[in-house]
Amino acid sequence: MMASNYNAKEEDGHQPAAIGHGGAGTVKNKKPDNTAFKQQRLPAWQPILTAGTVLPAFFVIGLIFIPIGIGLFVTSNNIKELEIDYTGGDMSSPCYNCSQSYSWNSTKPCTCSVPFSLDQPFESNVFMYYGLSNFYQNHRRYVKSRDDSQLNGDKASLKSPSKECEPYRTSDEKPIAPCGAIANSLFNDTLELYYIDPNGSRTAIPLVKKGIAWWTDKHVKFRNPGGNDNLTVVFQGTSKPVNWRKSVYELDPSDPDNNGFINEDFIVWMRTAALPTFRKLYRIIHKKPNMTPTLPLGQYILEVTYNYPVRSFEGRKRMILSTISWMGGKNPFLGIAYITVGSVCFFLGIVLLIIHHKYGNRNHSADIPS
Amino acid sequence: MLRWIRQQLGFDPPHQSDTRTVYIANRFPQHGHYVPQRFADNRIISSKYTVWNFVPKNLFEQFRRIANFYFLIIFLVQLMIDTPTSPVTSGLPLFFVITVTAIKQGYEDWLRHKADNEVNGAPVFVVRSGSLVQTRSKNIRVGDIVRVAKDETFPVDLVLLSSDRAEGTCHITTTSLDGETNLKTHYSVPETLVSQSVSRLEALHAVLECQQPDADLYRFVGRITVTQQGEEIVRPLGPENLLLRGARLKNTKEIFGVAVYTGMESKMALNYKCKSQKRSAVEKSMNTFLLIYLGILLFEAILSTILKYAWQAENKWDEPFYNQKTEQERNSSQILKFISDFLAFLVLYNFIIPISLYVTVEMQKFLGSFFIGWDLDLYHEESDQMAQVNTSDLNEELGQVEYVFTDKTGTLTENEMLFRECSINGIKYQEINGKLVPEGMTDDLPDRSVSPLSREELLFLKAVSLCHTVQISYEQPGDGPGDPFSHANGFSSQMEYYASSPDEKALVEATKRMGVTFIGSHGETMEIKTFGKPEKFKLLHVLEFDANRRRMSVILQTPTGEKVLFTKGAESAILPFTTSGEINKTRVHVDEFALKGLRTLVVACRHFSVEEYEEVDQRLHKARTALQQREERLAEVFSFIEKDLELLGATGVEDKLQEKVQETIEALRLAGIKVWVLTGDKHETAVSVSLSCGHFHRTMNILELVQQKSDNECAEQLRQLARRIKEDHVIQHGLVVDGASLSLALRGHEKLFMEVCKNCSAVLCCRMAPLQKAKVVRLLKTSPEKPITLAIGDGANDVSMIQEAHVGIGIMGKEGRQAVQNSDYAIARFKFLSKLLLVHGHFYYIRIATLVQYFFYKNVCFITPQFLYQFFCLFSQQTLYDSVYLTLYNICFTSLPILVYSLFEQLVHPHVLQSKPVLYRDISKNSLLSFKTFLYWTLLGFCHAFAFFFGSYILMGEDTSLMGNGQMFGNWTFGTLVFTVMLITVTLKLALETHFWTWMNHFVTWGSIAFYFIFSLFYGGIIWPFLHTQDMYFVFVQLLSSGSAWFAIIIIIIICLFPDIIKKVFYRHLQPTSTQKSQMEEDKSSVSSEYDSAESWSRGEDNWQLLAASPPPAQGPALCSPSLLRPTTRASAAWTPCAATRRGRMDAPGWAGWWSK
């Protein structure tokens, strides 16, 4: 741009030279610096991908990945998992009646019992999940329909929730707490487990409802406005979500540390799932101090208080019992992937070795005549 | 009145007549009905903006760029409709780009304003109402009389009225206009030259008529009518009377002139025009790719929209009980919703066309172009000139050149003329120790110095020393510009000749050595000293040189009162008009000179009788005063005068070849570049220079297409040549074409001509006019293959060709800086071309090609998971990644590695590139941006994206827990997992592509990944008070706390990159390109040699010599050539430069043998 323009400066610059008295002193030497940077001679590592350099990598990867894969596979296989579908879709299933006669407003809860048996005992801690299918928690309208500052205990947001919560923002001209579609559709089935002794008596299995939500969520991200006491007062002037049967401060009246916004069931639900088929951690069955398995093999009954309707969107409801390893739940993918990749690498390593060998020979023979 | 209004409104152009009438000192005629013409004021406006219009105008200009406009649209869409990503994600980068560009342009404009103000406010002296008034430059009006003092520049285009010299001449330099450094004499008309003072000027009544402003610096037609004692005297005005704005007054104390063209109408301002934008092949393919991606984007958006509606047809998906719509959503119209959904998808996927691509490409080009200027190998020690980059847009085009069009004089040769031989009256002479020695005589004849020259010899020398336009400058100009003769007498060593043509200078210097010294021209007198005896000649007329006539003449009055015409010029321009003298012998001599590669000029004279001269004088005067068609009429008169000549002799001036021209041309040829020499020289000279510089080989079959008179003849000859080429396609062919035949061939037989040309490995065009050079370039450029052309030249006659070619290179030579100013790159010597193309071109090309491909690749990787995710979220436009990641991906996380790569990458070490020009073929025809490679990168991107997404998807499986405490991840963790895998893969993919790992590459590659981790930890570690969602809170930490996630990240990355590595290894071993072979070779050799030695090896301008000479001959080929696995034909060609160089040297003296056949 500038170069094409007439430039008074430039003309001035030429003046001394043009007049001719510009001696050597005024003429600046334009010689570029002889530096590695300017001459593009920076020291550099110049790797070349040849069979020779890649070969060891292939063998190393093969040798490392196959054992890792086997380890992962075994770990995953050792995990015990049991999944029970209690949707009640077909006539034969125990929850059929409940699934048919559904209404949000019914005051009388519908319960059903699903018997199942464990073929093998579940050792150590057992984690109890509920699973939903065809439930799009990842729908955009749904995902954004929440007010994080309200959930973080902000009092202003409590009184006037974010617009994102529409159409679950106000009801009866009172702000909804917690607002939004996610909160509104909180999963409200109650699941209980009973062990049927061989003699026929039922023993309730203790289900722990703490430790199911992320620690940071429970302690930082979610907060009750004005502390955990007197939630009734704090939430005065707000309305419960339309689909809820009770207010947010009645979620767990027995435990103030698990009530209101910091109720762990609520927090777990509020972490929207990535895919339409998802599980959420419901309860934990801690292992017993003695050597007996947490869940011995035998007959069990799953008692469901059937509140949550899924029939309208062809959803399924499941209860999952699973033990956990350091790598999470049952997941054969990683093990298989590692074993496959490791073997392929190893195989390719051999192929490359052959190529390299031939190439080396040829190179050698080509060198001799020259 | 009406007309005045229309003029004011700009409907009527103010210049309606073909001429403008200027009343000197604005003394308008007193009669009433005079309507003054309106002229522009003398304000120079080079700035584009004012304070007020900067913002709107700049924004408008910026958004005219299609890419900026596209991003603006996306941004506006985001503002208007409810979109999945916040407007910030595209607004911020756009704002950044626009702001940076605006600041840059604003700063440039501010500089221009400053320069304008300086120029417009410069003090000038104007004669107003009888006195000299100081005013500002911008206040000068047309018709004002301006005084300019010594060494000042002219503030306006002036017609010279008078100078302090009695003969009314002045000297100027036009360095800043056309770069010519010589002094030029300009004249005033006799009637005004006496008006040397203000009071005398006051008495001057004159009207000046001249043409309307035009841009041609060398054209001015006008006449001045001076009223003296009631008598009107009309005088012609030409370019020699016009002092151009921007030129500088020299050797003259002061001048007065009348302003004719002011301000933006001055010739300098009219020459402002911006250079036409050249676009590189890479940019063109980049735009094609962009269009393809736009297609992909539209396809994805349309597909998503359609699928969304297909899905939504059922209420249970559209609006399940848990996810009700708002009233507003329910009530808005279907069509509007459809459109807004489509736009939302467009916005969601728009990152596939990244705004940062443009920013990065521009930065890469701008920063990368510094390396050319910094290169020591392109620095010319003697002239202290480094390579100069005028445009950085074409860096990569240097790696794509297929045709080089080179000028000969000053480009292949030094343009340092040295008088060698002459032929006088049919006898050949050589200059030996400042004496003319007839051929066959030795210079040890003692009496030679004393013996007087023969009449013919003397006349010849006088003719040579008089027939020119050489100026003299004196060492001490400070002593006042008085009479130059007083200086010259006695102290001739102090004077220096300045000539626009180096031939003239060489000739005048030669005659000086031989005893006939040109002392100076003073007004209408030229003085020479013949062996100490001064002689004064009256200069009556100068018939200037022009390219069509190819000769120039002077008409002189000898001291004895005789009127003589001396003329000199190209032999073809003079010999046909000679009637006497040793015509045939001279013709033979001229051909012999030409064979030796000398530049020949023929000198002739003509004696006028008194009557003849009167007729000549009259005709000349008439033609010179003509207002219309002056050129044509002048040409007519000139040809009338320059006939019936008496041949005096011919001169042979040597123009030395530049060093290493031969090697350079050979290297270019090996690189697959065809070299065409386009020269104005005569056929024989051109051929001999072509041979001596290696352009033509001794083994070549030289075809000729010269001196074709008629169309049919030319066509017949062309057909014959084509046949000959077909018959004999084993050996190489060279083609010689001359200008006249070329214009015939181009007129009707372009196709045939092109066919012949393409089959010739070397083409030489001689006798070319500047425009013809450009025409040849255009012909090649527009031929069906659309080859990339490069033109290289040093003179003003090469400018048109330089501007026409894809890449124009100027040689900073002796013929001014015009070529340099109009070029894209300027280098000091022709030999630098090989490094510029083979090394810099190669580097820039591979860098930018990979940059472009990689950019598309990484954005496919980025956006495709987002697209795939729509299939799992009911096409609800839910983003997979958080907004911050969307925004920063291109700006922060992945920008630096590719930028550093594109600045420093070297596939092969420079010295290897230069010693093996064949490597250039690897990248020719835009091969790295071919559709195949583009497809490869795009498909790779898609495959990787599928791997990221479905890898993570399968990992989640039926949504099992991935954490040791049984807790669950959510959608944001899933997105972050995909993003993390993608970021690392994409960065490592570039690392795989990188062959030249400097510390900076390491720093930015590992730094980018580290930065991503640090940033994510920080970003997720805080509840951000000003954000309304805290989606990412601790998501990243939770992800990293999962062992499975780590294992998954590693395995997915390896799954993505390993096929690529395998492909690379297999291709390298099974189908290695020559670049890869030389990499291996280099690798091997670098094992043994220290880096430092390689450094010194590459250092220095003498690569060629090093390669050819430093190792003992037996090892020579081994060093030059890679000891390849399979010595293919290509590979064997790699070491031929060494052999060819040596052979070429031996052959050089032998070309004459070929010619005599």
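At 1% relative accessibility, B:Ser137 counts as buried, where buried means under 20% relative accessible area, exposed over 50%, and partly exposed in between (1.4 Å probe, protein chains only). This is a predicted model, in which local features need pLDDT of at least 70, side-chain atom pairs count only at pLDDT 80 or more, and totals for chains, interfaces and linings use all residues. Residues are numbered from 1 along each chain as its sequence is written, chains are lettered from A and ligands numbered from 1 in the order in which they are written, and side-chain values use heavy atoms, with hydrogens and water left out.

**Around B:Ser137**
- B:Ser137 sits in the loop that links strand S3 (131–136) to strand S4 (145–149) of chain B; helices (H or I, at least four residues) and strands (E, at least two) are DSSP runs, numbered from the N terminus.
- Its side chain comes to 3.5 Å from the backbone oxygen of B:Val119.
- Not counting residues up to four places away in sequence, B:Ser137 touches B:Asn42, B:Val119, B:Asn120, B:Gly121, B:Ala122, B:Val124, B:Pro155 and B:Arg245, a contact being heavy atoms within 4.5 Å.

**Chain B as a whole**
- Chain B has 45 helices and 35 strands, and 58% of its 1157 residues count as buried.
- Of the contacts in chain B between residues at least 6 apart in sequence, 74% join residues at least 24 apart.

**The annotated site at B:Asp407**
- An unreviewed UniProt entry places the feature "active site" at B:Asp407; UniProt positions are given in the numbering used here, feature names are shortened, and annotations may be inferred rather than shown by experiment.
- B:Asp407 belongs to strand S15 (residues 403–407) of chain B and is buried, with a relative accessible area of 3%.
- Leaving aside neighbours within four places in sequence, B:Asp407 is in contact with B:Leu412, B:Leu678, B:Lys773, B:Ile792, B:Gly793, B:Asp794, B:Asp798 and B:Met801.
- The side chains of B:Asp407 and B:Thr411 are joined by a polar contact of 3.4 Å (a pair of N or O atoms within 3.5 Å; within protein, one must be able to donate a hydrogen and the other to accept it, and residues adjacent in sequence count only if both atoms are side-chain atoms).

**B:Thr985 in helix H35**
- B:Thr985 is found in helix H35 (residues 971–993) of chain B and counts as buried at 0% relative accessibility.
- Apart from neighbours within four places in sequence, the contacts of B:Thr985 include B:Tyr857, B:His944 and B:Phe948.

**A nonpolar patch on chain B**
- B:Met363, B:Phe366, B:Leu367 and B:Phe370 make a nonpolar surface patch of about 360 Å².
- Helix H12 (residues 355–368) of chain B gives the most to this patch, with three residues.
- B:Leu367 lies in helix H12 of chain B, and at 34% relative accessibility B:Leu367 counts as partly exposed.
- Patches are made of residues with over 30% relative accessible area and no salt bridge, with like charges joined within 9 Å and nonpolar side chains (Val, Leu, Ile, Met, Phe, Trp, Tyr) within 5 Å; a salt bridge is a side-chain nitrogen of Lys or Arg within 4 Å of a carboxyl oxygen of Asp or Glu.

**Annotated segments of chain A**
- For "transmembrane region", an unreviewed UniProt entry lists residues 48–74 and 333–355 of chain A.
- Residues 48–74 of chain A are 89% helix and 0% strand, with end C-alpha atoms 38 Å apart.

How values were computed. Accessible areas come from the Shrake-Rupley method with a 1.4 Å probe; for residues, only the protein chains shown count as cover.
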